[in-house]
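Reader: I'd like to go through this one with you, and I'll keep asking what stands behind each label. Can we start with the picture?

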Amino acid sequence: MGAFFGHVLGGLGSLAAAALPRGAGPADPFLDFGPTWVVVIALDVINTVAVLIYLYRILSEKPPTSRPAHR
Amino acid sequence: MGEWSLHWRRNKVLSTAWSAWFVNYLDRTKTAALLPLIAASLSMNSAETGQVLFFFFIGYALIQPVAGFMTDKLGPKKTLAITIAAFSVFTWTMAIVSTWQQLELRNLLFGIAEGFEVTAGSRLTATWFPQRTRGRAFGIHQTAYTIGSIIVPFIAVPIAQATGSWRWSFMIIAFFGLPVLAAIHHYIADRPELDSRVSEPELEYIFGKEELASKTGESDPALAHSVAELPPGERITPYREIFLNKNVALMFVAGFFGLFATWGLTTWLPTIGFRQLKLPLLLAGSLSSMVFFGSFCGVVLGGILSDTVFKTKRTPIWLFGGIVMAAATLWASTFRAGVPLGVAYLAFFIAGFAASCSPTGQLFAPYLAEILTPGAVGRSLGVVVLGGMLGSAVAQPVVAALVVQTAAGPDYSRALLAFAACGVIVSACCAGMLEPRVKRTYLGYLLSGGREGTWEPSSATSSAD
């Protein structure tokens, strides 16, 4: 099944790659990011921590089990 | 001010659900937009590229029944938060892959993570909006997937070009989930009557005074035994009515063929434009954008027409959609090299417009809320979307098998004829669906000269006791 997908999308990929050569770096992400690797790690940590904080706050909410008395 | 405050809370909930759906689509379609760069970077061959994409579809499809149950049991707010959090994290992990196998595994997890959004967003719209405006509200919700698909190349590709690496697009887009999580935290509540910020007039607008006074419970409609146990706007809907339901089964089949045609068409169209119509690559790619632009117009107009002209009937829009999509793709199957670009744009705009007028394009949340109950939208929609996503997955190999090699190059006419056949099947399924507003199928209603039928939900008698 993958081969069928590839027939379509791989073909498209190779066509588009010729039009957009810039942006395809080496397979190794360390090499690809180069000296910005530290920034990448920092952004990943910031993103994950912020996501987890929001998720914790939302999941720890106690939903009301009855209608609020006043509006 | 008074009129605006009457709709204020509902509109905030809708805007947040819209943002979540928009970021979901932005995130998932960026992988396809960046695929040429990723494939070059990871030295992926055609089969590997195909497998990576297939794993997303399979993960997304198979999680749907679970997502539906989770939405109804855990609540749409928490489900929405979990999905946004999960795909935000999986997005940045995809930026640090070094082999296609790593990307494949992450794409599977990414598909699973993204799969929870549609049921949660749909359930919110179904619960927060009254029947008379539900079609329009859900139409607005559905514009998110069309806009996301149209603009993603203009976000993901420039970031990759500006930074020199596709990985930065993943890194940056991973942050788009944060403001959505903040909005979910501040604005979303599972049900309007449980939110202290909703005014009494707004509650009365949503449910009606009598409904609000008579139903004060909080039980799951699938488990409730009496009307008194129900929240407002709900009716008793046991599990057998949700899952052994002819209309849900027809939606599953219509979803399969509808998304087979939609995703088959949008995935293949650039190739058809380039190889068969001999268009430049950029113009060939723009044919898919026309499909999505047509879909944008379709979801907006379909919601308005359903609520106003058809007086909250939903199935007439779907009946029309399948047939018109069949006609448009039938027309497109006659296109050959040299077809005027304007004609091709028009045909694919109509195809996109009509394809959106299907049971997996629009109005599915209002329909399920009305044929069942808003509190069962998650579970029933999980079944319908499963059908649709399986159709999306199998569309690719089936269409590939329909390509005929000719002296002038590959010919895709048979694939377009297959999409036309899908349109006819979608309309046939919709013809058999009950239209709750007239208590019979819409065709039956038309053929009987506008006489309403006698359908009642199977639980109606017992709930009235």
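Reader: How many helices and strands does chain A have?
Author: Chain A has three helices and zero strands, and along the sequence the pattern reads α-α-α. Helices here are DSSP runs (H or I, at least four residues), strands are E runs of at least two, and both are numbered from the N terminus. Before we go on: this is a predicted model, where local features need pLDDT of at least 70 and side-chain atom pairs count only at pLDDT 80 or more, while totals for chains, interfaces and linings use all residues. Residues are numbered from 1 along each chain as its sequence is written, with chains lettered from A and ligands numbered from 1 in the order in which they are written.

Reader: What does B:Leu103 touch, leaving out residues up to four places away in sequence?
Author: B:Leu42, B:Val52, B:Met94 and B:Val97. Contact means that the two C-beta atoms, placed from the backbone, lie within 7 Å.

Reader: Which residues touch the most other members of the largest nonpolar core?
Author: Among them are B:Leu34, B:Ile84 and B:Phe348, in a core of 172 residues. A nonpolar core is a set of buried Ala, Val, Leu, Ile, Met, Phe, Trp, Tyr and Cys residues joined through C-beta atoms within 7 Å. Helix α14 (residues 246–276) of chain B gives the most to this core, with 16 residues.

Reader: How many residues of chain A are in contact with chain B?
Author: 48 residues of chain A are in contact with 60 residues of chain B. On the chain A side, α1(A) gives the most, with 17 residues.

Reader: How do you know how far to trust chain B, and where is its pLDDT below 50?
Author: pLDDT is the predictor's confidence in each residue, from 0 to 100. Chain B has a mean pLDDT of 89, and 97% of its residues reach 70 or more. Over residues 461–465 of chain B, though, the pLDDT is below 50. Where pLDDT is low, the predicted coordinates should not be read in detail.

Methods: Buried ≥ 20, exposed ≤ 12 C-beta atoms within 10 Å, placed from the backbone.
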